[in-house]
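Open the model in your viewer and keep the selection tool ready. The tour goes from one selection to the next.

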Amino acid sequence: MRPFGRQRLKPDHDPVEISEKKGIRYLHLGGPAIQSAMRIKDPYALELEYTRAMLAFLLYNEAPRRIALIGLGGASIAKFIHRNLPDSHLTALEVNPGVVSAARSYFLLPDDDARLAVQVGDGAEYVRAQDGTLDVLLVDGYDAHRIVEALASLDFYAACRDALAPGGVAVFNLWGSDRFFDIYFDRVAKAFEDHTLILPAEKKGNIQLFAFKPPLPNTGLVALNERACRLEARLGLEMPVFVERMRQYNATDPGGFRL
């Protein structure tokens, strides 16, 4: 027996890697999968469609006051909110300190200020500590291979519901090709009593799952389309396309829940 033999210790976090191709900078965690992307000539735009789709929460609340983001990545969403939603305060949780360093060094994440707080810590613990005052909760927590398990349990999804203020919305970034997708979907639906809508990406496997805490939105489809056009003109996001896609993929009217 060799009690003091050499051991290969598993690192606490996936290694952060940066690559560039055709004017786009990418962030990777321990493998080739793209975790985040930034067009170098337009660093504040949302390069990946799924990040733009996550912002579809604006269809239901154009001016949220308190937003939380679990999973920072290359800070695309954090930068966009900080730059374009001046009345909102964003708290971003990231468990991997290397990701925060990379976001600030390579992806132009600004320093914390009165409207932005980036914290290195456990996103699940943060959610459980909230007191029901979040207007919006965005969950995008992946490691090199899949969703972080602590961010995919029924208990966690129930905590997300409890963290929201009345009328609040949570958005979960899921992979449709994930063999656990149906399990995650069912857990969210159970935690939120089926008050959900899906928004699939057009080309890749991302599916945004929107979950609502009552009272539910009831704007009507015409009013929702008007808001979508207004947001597209103001922010350059294809919101009318997202509304139409939600209409196609959900059994209920995305502008007026009757669940």
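Which strands does helix α3 lie across? Select residues 97–106 to find α3 in this predicted model. Helix α3 lies across β1, β2 and β3, and runs at about 30° to β1.

**Stop 1: the sheet of 3 strands**

Now select the strands under that helix label: β1, β2 and β3 make an open sheet in the order β1-β2-β3, and their pairing is antiparallel. β1 (16–21) and β3 (34–39) are at the edges; each has a single partner strand, so one side of each has no neighbour in the sheet. From one strand to the next, the twist averages 20°.

Next take β2, residues 24–29, which pairs with β3 in the antiparallel sense over 5 bridges. Pick Arg25 and look across to β3, where Met38 stands opposite.

**Stop 2: the sheet of 7 strands**

In what order do the 7 strands of the other open sheet come? The order is β6-β5-β4-β7-β8-β10-β9, and the pairing is mixed. Select 116–120 for β6 and 196–200 for β9: these strands stand at the edges with a single partner strand each, so one side of each is left without a neighbour in the sheet. The twist here averages 15° from one strand to the next.

Thr196 has Ala211 in β10 as its bridge partner.

**Stop 3: a cavity**

What is the volume of the largest cavity? The volume is about 50 Å³, and the count of cavities of 30 Å³ or more comes to 1. To see the lining, select Val139, Asp140, Gly141, Tyr142, Ile147, Leu151, Tyr157, Phe172, Asn173 and Leu174. Of these lining residues, 7 are nonpolar, 2 polar and 1 charged. Strand β8 (residues 164–175) gives the largest share of the lining, 3 residues.

**Stop 4: a pair of helices**

Finish with α7 (residues 221–235) and α8 (residues 239–249), whose axes come within 7 Å and cross at roughly 150°. Angles over 145 degrees count as roughly antiparallel, so α7 is roughly antiparallel to α8.

Show the side chains in the contact: Leu221, Leu224, Asn225, Ala228, Cys229, Leu231 and Glu232 in α7 meet Met239, Pro240, Val243 and Arg247 in α8. The residues of this contact divide into 8 nonpolar, 1 polar and 2 charged.

Key. Residues numbered from 1 in each chain as written. Predicted model: local features only at pLDDT ≥ 70, side-chain atom pairs only at ≥ 80, totals over all residues. Heavy atoms only, no water. Pairing = 2+ DSSP bridges. Helix = DSSP H or I, 4+ residues; strand = E, 2+ residues; numbered from the N terminus. Axes fitted to C-alpha atoms, helices over the stretch in contact; angles between N-to-C directions. Contact = heavy atoms within 4.5 Å. Parallel < 35°, antiparallel > 145°, perpendicular 65-115°, else oblique. Nonpolar A, V, L, I, M, F, W, Y, C, P; charged D, E, K, R; others polar. 1 Å grid on protein atoms, 1.4 Å probe; cavity = no way out; pocket = protein on both sides within 12 Å on 5 of 7 lines; lining within 4 Å. Points joined across faces, edges and corners; volume = space filled by probe spheres on them.
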